[in-house]
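Q: I would like to go through this structure with you, please. May I begin with a detail and then move to the overall picture?

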Amino acid sequence: MPAVTVENPLTLPRVSAPAAAQQRPVLHVATAPGGFEGEGFPVRRAFAGIDYRHLDPFIMMDQMGEVEYAPGEPKGTPWHPHRGFETVTYLIDGTFVHRDSHGGGGVITDGDTQWMTAGSGLLHIEAPPESLVMSGGVFHGLQLWVNLPAKDKMIAPKYQDIRGGSVKLLASEDGGALVRLIAGDIAGHEGPGATHTPITMIHMSVSPGASVTLPWRKDFNALAYGLAGLGSVGTERRPFRMGQAVVFGDGDSLTVRADEAQESRSENFEVVLLGGLPIREPMMHYGPFVMNTHAELAQAFEDFQAGRLGTVPAGE
């Protein structure tokens with residue numbers, strides 16, 4: 001882990017917070033419970049137990065794997081509907097094939113991101129390719145759900161395929177951390193992802209013993225999630241590790257540190273950072289539908305049952 005990297009981060013543009021920036025305190029550290037999704041692939045529910053007022057505009061995030069499948073074991077999801085939000089699938093290791101009832105989709109592999117705006121609705125399926133099912137192998141990624149404001153709930157569905165090579169690569173001030181900017185803006189550097197709801201999404205690899213302090217939009221919330229390894233956050237050096245999520249308080253910078261000793265399975269402390277502009281609208285979530293009212297949820301379910309979100313292709 002991960003697929004998109006550089007041999008020498010010191011060759012990259014550096015990013016750091018101004019000395020006078022206000023550090024965000026740590027409000028909460030939560031441990032993600034494990035479970036299973038789709039046809040039975042293991043997930044960690046990254047934001048379970050965190051109050052939505054700290055998550056807005058994010059709805060949920062699953063860490064998929066990390067798991068090493070034997071031949072014949074790789075699994076995906078059956079056909080399922082979505083309406084009213086965006087799904088962001090970031091694949092660190094492995095390969096996933098996405099398809100929808102409108103003929104869209106594609107293949108994502110090591111370091112790629114597929115950004116699907118469900119909008120007015122569609123049916124969707126995610127599965128490993130036949131070659132991976134036959135061979136087995138490592139599978140590891142994230143799926144993030146990002147809310148859409150009421151005015152955009154019913155826009156036409158669309159995809160963005162963000163290849164790993166297009167991600168903006170940056171380094172911390174001393175080169176001790178590699179910063180992959182997938183979407184949003186950090187210190188004037190922009191990631192390739194285009195978002196309806198203003199957000200920032202970053203995957204960082206922090207070298208053992210290194211510390212990175214990043215500027216952060218004051219009007220955004222701030223969350224961190226440990227993908228692998230051990231470290232701490234904030235000026236209070238609050239410990240957190242793989243499978244834990246951090247909620248930050250107000251401020252315009254945040255700090256992540258990697259412990260000197262890391263796990264044998266991970267050379268660095270791997271962390272996802274998320275921030276977004278809160279929508280501050282009612283959020284009604286039922287399964288794969290995210291709307292503003294109970295009536296809109298009922299309409300989404302009715303439209304799904306009536307086939308108005310699309311139909312599964314013949315023979316599947």
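Q: Which backbone oxygen lies 2.6 Å from a polar atom of the side chain of Arg 83?
A: The backbone oxygen of Ser 120 lies at that distance from the Arg 83 side chain. Please keep in mind that this is a predicted model.

Q: What joins the side chains of Arg 83 and Asp 303?
A: A polar contact of 3.0 Å joins the two side chains.

Q: And where does Arg 83 lie?
A: Arg 83 is in the loop between S6 and strand S7, which covers 85-93.

Q: Does Arg 83 count as buried or exposed?
A: Arg 83 counts as buried, because its relative accessibility is 5% and buried means under 20%.

Q: Let us turn to S6. In what order do the strands of its open sheet come?
A: The order is S6-S11-S8-S9, with 4 strands and antiparallel pairing. Strand S6 (80-82) and strand S9 (105-109) are the edge strands, each pairing on one side only. From one strand to the next, the twist averages 30°.

Q: Over how many bridges do S8 and S11 pair?
A: Strand S8 (residues 95-100) and strand S11 (residues 122-127) pair over 4 bridges in the antiparallel sense. Within this region, Val 97 stands opposite Ala 127 in S11.

Q: What holds paired strands together in general?
A: Strands of a sheet pair through backbone hydrogen bonds, in either a parallel or an antiparallel way.

Q: Now for S10: why is it described as largely enclosed?
A: Strand S10 (residues 113-117) is largely enclosed by the rest of the structure because 5 of its 5 residues are buried.

Q: Which way do its side chains point from S10?
A: Thr 113, Trp 115 and Thr 117 point one way, while Gln 114 and Met 116 point the other way. In a regular strand the side chains alternate between the two faces of the sheet.

Q: Which strands pair with S10?
A: S7 pairs with S10 in the antiparallel sense over 5 bridges, and Glu 86 stands opposite Thr 117 in S10. Strand S13 (residues 158-162) also pairs with S10 in the antiparallel sense over 5 bridges. There, Gln 160 in S13 is the bridge partner of Trp 115.

Q: Finally, the whole protein: how many helices and strands does it have?
A: The protein has 3 helices and 27 strands. Of its 316 residues, 56% are buried.

Conventions: Residues are numbered from 1 along each chain as its sequence is written. This is a predicted model: local features need pLDDT of at least 70, side-chain atom pairs count only at pLDDT 80 or more; totals for chains, interfaces and linings use all residues. Side-chain values use heavy atoms; hydrogens and water are left out. Two strands pair if DSSP finds at least two bridges between them. Helices (H or I, at least four residues) and strands (E, at least two) are DSSP runs, numbered from the N terminus. Axes are lines fitted to C-alpha atoms, for helices over the stretch in contact, and angles run from 0 to 180 degrees between N-to-C directions. Buried means under 20% relative accessible area, exposed over 50%, partly exposed in between (1.4 Å probe, protein chains only). A polar contact is a pair of N or O atoms within 3.5 Å; within protein, one must be able to donate a hydrogen and the other to accept it, and residues adjacent in sequence count only if both atoms are side-chain atoms.
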